[in-house]
Amino acid sequence: MKWLTFPQLQTGRYYQGCGTIRNTNVDSTYPNDLIVLGGIDKDTSDILASAEIYRSEGSAWVNGPTFPTPIYGSTVVQYNSDTIIVVGGAMEYAGNPSSAIYSFSRSTQSEFVYLGETIQSRFAHVSILVPKNFVNCMEDVSLMGPNEEAISDELELHTTLFRNWGAGD
């Protein structure tokens, strides 16, 4: 087994969010698309709001919807067979991390929808979905530079579909 490469993104970027969007048609030959969101433009160092979706059916990147704000260092998590969740990130280079949560639906693929806020702002962190819970883990503050507000030593656990957030023990 060996690693394969994808076609080149339309916009070269780094510190982007990246995740899968599952195909709800179980008989499909192409079960997943990929989404790349935001990041920092490799040529201009601008923070991006653009998204690109890799269509496995056509083996090509296409423009996705624009995120509501430029963002980098966010986490993209598959929520269910139709929806991804975007958590945190930063909107300016070495700026304060965000606590915003957005969703994006494969079936509509029209826009990102604001869901709410986490207790702790997050940047370059790990978010995972486990049955009936959503967990945010501590971020990698090394990417934030000298901004001490980015340091966190807690987990957050969401248990009721993003209506309430509680600090994890």
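In this predicted model, the side chains of Arg-13 and Glu-52 meet in a salt bridge, with 2.9 Å from N to O. Arg-13 belongs to strand S1 (residues 13–14) and Glu-52 to strand S5, so the pair ties together parts that are 39 residues apart in sequence. Are the two partners buried or exposed? Arg-13 has a relative accessibility of 9% and therefore counts as buried, because the limit for a buried residue is under 20%. Glu-52 likewise counts as buried, at 1% relative accessibility.

How many salt bridges does a search of the whole structure find? The search finds two. Besides the pair of Arg-13 and Glu-52, there is a salt bridge between Lys-42 and Asp-43, whose closest N and O atoms are 3.5 Å apart. Here both Lys-42 and Asp-43 are exposed, whereas Arg-13 is buried and Glu-52 is buried.

Strand S5, which holds Glu-52, also takes part in a hairpin. Strand S5 (residues 51–55) pairs with strand S6 (residues 60–63) in the antiparallel sense, over four bridges. Within this pairing, Tyr-54 stands opposite Trp-61 in S6. Four residues lie between the two strands of the hairpin, and Ser-59 takes a positive phi near 50°.

A further set of strands may now be followed. Strands of a sheet pair through backbone hydrogen bonds, either parallel or antiparallel. Four strands of this model form an open sheet in the order S7-S8-S9-S10, and their pairing is antiparallel. Which strands stand at the edges? Strand S7 (75–78) and S10 do; each has a single partner strand, so one side of each is left without a neighbour in the sheet. From one strand to the next, the twist averages 25°. Thr-75 stands opposite Val-87 in S8.

A pair of aromatic rings is described by the distance of the centres and the angle of the planes. A search of the whole structure finds eight aromatic pairs. One of them is formed by Tyr-14 and Tyr-15, with 5.2 Å centre to centre and 65° between the planes. This pair is edge-to-face, because planes over 60 degrees apart are counted in that way. Tyr-14 counts as partly exposed at 35% relative accessibility, and Tyr-15 counts as partly exposed at 34%.

Another edge-to-face pair joins Tyr-102 and Tyr-114, with 5.6 Å centre to centre and 70° between the planes. Tyr-102 lies in strand S9 (residues 98–105) and Tyr-114 in strand S10 (residues 113–122), so the pair ties together parts that are twelve residues apart in sequence. Tyr-102 is buried, with a relative accessible area of 13%, while Tyr-114 is partly exposed, with a relative accessible area of 44%. Which residues form one aromatic cluster with these two tyrosines? The cluster consists of Phe-67, Tyr-102, Phe-104, Phe-112 and Tyr-114. The strands that carry Tyr-102 and Tyr-114, S9 and S10, belong to the open sheet described above.

Technical notes
Residues numbered from 1 in each chain as written. Predicted model: local features only at pLDDT ≥ 70, side-chain atom pairs only at ≥ 80, totals over all residues. Heavy atoms only, no water. Phe/Tyr/Trp six-rings, centres within 6.5 Å; stacked < 30°, edge-to-face > 60°. Buried < 20%, exposed > 50% of the residue type's maximum accessible area, 1.4 Å probe, protein only. Pairing = 2+ DSSP bridges. Salt bridge = Lys/Arg side-chain N within 4 Å of Asp/Glu carboxyl O. Axes fitted to C-alpha atoms, helices over the stretch in contact; angles between N-to-C directions.
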